[in-house]
Amino acid sequence: MSNYQSEIERRRTFAIISHPDAGKTTLTEKFLLYGGAIAQAGAVKGKKNTRAATSDWMEIEKQRGISVTSSVMQFQYEGFCINILDTPGHQDFSEDTYRTLMAADSAVMVIDAAKGVEAQTRKLFKVCAMRDIPIFTFINKMDREARDSFELLEELEKELGIETYPVNWPIGCGKDFQGVYDRGSRKIIHFTSNGGARAATATEVELGDPNLDGLIGERLHRQLADEIELLDGAAAEFDLDRVRHGSLSPVFFGSALTNFGVEPFLEHFLQMTTAPLPRHSTDGMIDSMDDAFSAFVFKIQANMNKAHRDRIAFLRVCSGRFEADKEVYHVQGGKKIKLSRPQQLMAAEREIIEEAYAGDIIGVFDPGIFSIGDTLCAPGKKFQFDPIPTFAPEHFRRVRSLDTMKRKQFLKGMEQIAQEGAIQIFKAPYTGMEEVIVGVVGTLQFDVLEYRLKSEYGVDLYMEGLPYEYLRWITADDGEPVKEEDLILGTDVKLVEDYKGNQLLLFGSQWAVNWTQERNPSLTFSEFGGAVS
Ligand code: G4P
């Protein structure tokens with residue numbers, strides 16, 4: 001195996017998803033600690049809070065002290081080179097969060113053991129499932145009171161429609177938490193809390209150890225024996241192939257905060273996942289081990305420096321090796337280019353790099369030539385990777401310029417920002433260009449839009465909330481454009497078009513989506529649109 005192939009072989013690129021507060025940051029931090037990428041706990045969180053003061057990211061980020069971007073972190077662990085893609089939550093949840101998942105080969109889903117499946121987990125899971133990528137579940141906070149483990153698994157299976165395979169099984173929870181039983185080795189990893197919730201030590205004990213009653217208590221020992229019997233009899237068989245195709249999720253129980261179960265999780269995860277996966281393209285599947293370089297743009301971050309109106313394009317390297325001084329071919333632009341200032345992110349630091357391999361994520365300076373989904377490949381090749389879908393926004397506003405004289409700047413700004421993929425713009429039939437309907441995945445994007453139009457284009461916006469929450473791209477059976485008068489629509493449904501002429505319906509409720517679908521059987525509804533821009 002050549003040097004670049006062994007570099008690719010040892011790479012693992014995954015996204016970490018959760019509902020806010022389930023413990024995603026804490027778990028990420030523990031991974032980084034193992035890999036020696038950070039020296040102390042709190043470094044990731046600390047950066048999240050203080051980064052605004054030290055970086056030159058957009059003003060709005062400084063004002064609010066939050067991050068509008070998703071970050072990527074690379075670290076080394078036992079010979080593996082691991083890229084973690086963080087998916088932002090809370091107010092900074094946006095379409096970027098979804099797009100980040102397009103760059104990953106697998107996902108780690110963190111669930112709060114007291115809460116189970118929550119709204120944001122559901123949304124992110126849907127996007128992972130769309131690509132059939134492997135999903136690993138970490139049920140966190142077992143050192144606190146938790147819901148019944150069987151009930152949690154049942155909920156995962158029912159709500160998300162994926163089968164689960166518990167790799168380990170918890171013994172008690174909260175004050176009674178004694179550790180986990182590892183089903184593969186049939187050993188108990190015993191948890192000892194070290195001074196409150198901050199750290200734990202783990203010791204391994206055989207299931208048949210005569211001292212087990214003394215260690216975990218007679219009651220929990222009996223309960224464990226019953227549960228093991230139930231699990232072995234009723235749960236799905238372990239099938240690595242199904243894990244790798246995303247139809248079976250290995251489940252792990254633990255506690256990120258006390259560092260219990262994190263390292264075994266990481267080790268199982270690294271064994272079960274594969275090196276960077278092949279990707280679909282117009283030339284068929286492109287294997288990560290191909291010696292020719294290829295990559296696609298999955299995210300564009302605008303305005304890192306306001307004075308220059310510059311942008312950074314984030315690339316997922318899909319095959320071969322990227323070398324900073326070599327030319328690459330930008331397929332959509334039809335030009336050979338040299339990527340300028342290639343950089344990688346380590347925790348929140350950025351560093352200029354000379355090379356990167358399939359599986360890696362790099363940021364490059366974008367003078368305004370890239371769009372989301374663009375392909376870059378070695379000169380001589382011209383294939384394109386599958387486009388990145390657009391995701392259904394959930395918040396809509398009617399937007400126009402306060403000053404009618406600024407119509408041109410208004411449209412230019414709206415189109416530019418839509419092209420970066422931060423917002424989606426639509427128009428209602430028979431309305432002029434003075435007004436657009438803006439759809440976003442997270443409401444913070446409205447603030448970003450308002451701020452950027454004012455500061456970059458000198459346009460003050462008038463925005464009015466619209467009572468829609470659901471959007472579906474529609475196509476008619478005969479492939480012809482749909483006419484409003486031919487549809488049966490309720491009063492809380494609106495027909496609009498995106499700027500590529502695709503037709504969509506906006507709805508006030510899920511109920512209205514179902515009602516409309518039932519009454520218009522000739523329409524196909526889709527939650528994901530075509531390519532961005
Ligand atoms: P997020 O990134 O998914 O939003 O979650 P984050 O890691 O920030 O964790 C949310 C809260 O849950 C934090 O508490 C964190 O310490 C706590 N937490 C995470 N994992 C565990 C766990 O295994 N057990 C327990 N008991 N708590 C856990 P916080 O009070 O909001 O922040 P902090 O003051 O602890 O930093």
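Trainee: What are the ground rules for the numbers?

Mentor: Residues are numbered from 1 along each chain as its sequence is written, and side-chain values use heavy atoms, with hydrogens and water left out. As this is a predicted model, local features need pLDDT of at least 70 and side-chain atom pairs count only at pLDDT 80 or more, while totals for chains, interfaces and linings use all residues.

Trainee: Why is phenylalanine 383 called buried?

Mentor: Buried means under 20% relative accessible area, exposed over 50%, and partly exposed in between, with a 1.4 Å probe and protein chains only. Phenylalanine 383 has 5% relative accessibility, so it counts as buried. Phenylalanine 385, with a relative accessible area of 4%, is buried too.

Trainee: What makes phenylalanine 383 and phenylalanine 385 an aromatic pair, and of which kind?

Mentor: Rings of Phe, Tyr and Trp (its six-membered ring) pair if their centres lie within 6.5 Å; planes under 30 degrees apart count as stacked, over 60 as edge-to-face, and the rest as tilted. Here the centres are 5.4 Å apart and the planes make 85 degrees, so by those cut-offs the two rings pair edge-to-face. The structure holds 23 aromatic pairs.

Trainee: How do you know that a charge sits over the ring of phenylalanine 314?

Mentor: The rule asks for NZ of Lys or CZ of Arg within 6 Å of the ring centre and within 35 degrees of the ring normal. The charged end of lysine 299 sits over that ring, 5.1 Å from its centre. Arginine 397 likewise lies over the face of phenylalanine 446, at 4.1 Å from the ring centre.

Trainee: What makes strand 14 and strand 15 partners?

Mentor: Strands (E, at least two residues) and helices (H or I, at least four) are DSSP runs numbered from the N terminus, and two strands pair if DSSP finds at least two bridges between them. Eight bridges join strand 14 (residues 294–302) to strand 15, so they pair; they run antiparallel. Glutamine 301 stands opposite isoleucine 312 in strand 15. Six bridges also join strand 15 to strand 22 (residues 361–366), again antiparallel, with alanine 313 opposite valine 364.

Trainee: How covered is strand 15?

Mentor: Strand 15 (residues 311–319) is mostly covered, with nine of its nine residues buried.

Trainee: Why do strand 28 and strand 32 stand at the edges?

Mentor: Eight strands form an open antiparallel sheet in the order 28-25-27-26-30-31-29-32. Strand 28 (461–466) and strand 32 (523–526) each have a single partner strand, so one side of each is left without a neighbour in the sheet.
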